[in-house]
Amino acid sequence: MYFSEKGKSNTRQTIDLAVKTAKERNIGQIVVASNTGETAEKLLDCGVNVVCVTHAYGYKEKGENEMPREMRAKLIEKGMDVYTSSHVLSGVERGISNHAKGMYPAEIMSYTLRMFGQGVKVCVEISTMALDAGLIPYGEKIVAIAGTQRGADTAVILTPAHANEIFRTYFHEILCKPA
């Protein structure tokens, strides 16, 4: 499915398609990018195990996280894993490139994945982060949900690899994304 516009207006359709596909294909894990928790909250009680990956602390404001504590507590209370860490495709490399005014391998990978759309890049990133954190099983297909700015507009089926072997990540199918 291709959306004519990117962004939040596609969230409901993206989530519905992702959950439906996961159930039909017996995929037991969904990994979702959610900065404020709004997108992740829409996946509560969906019948599939969901891992929420947030922006790192300091992404917008030093020492702060965009997800309100109450939302994080609600998601966790309802059984969702909520993972917050440095982003695998930026993190320390972005700090170096911002300081030294250069570009490094992880950033090149990020820009290359963005050629398919911001959401596709984020799907790879959050899946790798969730796998590295031990929140999803190794070697299994998952559905990843991400978006462009706010909300969700991209869903893919992939088998993520650990960060130290990221080129073993395998895309099975792009379910939806902005055209």
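The buried residues of helix α1, where buried denotes under 20% relative accessible area, exposed over 50% and partly exposed the range in between (1.4 Å probe, protein chains only), are covered by elements including β1 (2-3), β2 (29-33), α2 (38-41), β5 (142-146), β6 (154-159) and β7 (170-178), with contact taken as heavy atoms within 4.5 Å. The model is predicted, so that local features need pLDDT of at least 70 and side-chain atom pairs count only at pLDDT 80 or more, whereas totals for chains, interfaces and linings use all residues. Residues are numbered from 1 along each chain as its sequence is written, and side-chain values use heavy atoms, with hydrogens and water left out.

Helices (H or I, at least four residues) and strands (E, at least two) are DSSP runs numbered from the N terminus. In α1, the buried positions are Thr11, Thr14, Ile15, Ala18, Val19, Thr21 and Ala22. They lie on the same side of α1, because the arc they cover around the axis is only 165°, as given by the directions from the helix axis to the C-beta atoms. Helix α1 (residues 11-24) comprises 14 residues and reaches 20 Å from its first C-alpha to its last, close to the 20 Å expected at 1.5 Å a residue, the expected span being 1.5 Å times one less than the number of residues. Just after α1, Asn26 adopts a positive phi of about 55°.

Helix α6 is largely enclosed by the rest of the structure, because 13 of its 15 residues are buried. Lys121, found in α6 (residues 118-132), is buried with a relative accessible area of 6%, and Lys121 touches Leu89, Ser110, Leu113 and Arg114, not counting residues up to four places away in sequence. Just after α6, Gly134 takes a positive phi of about 75°.
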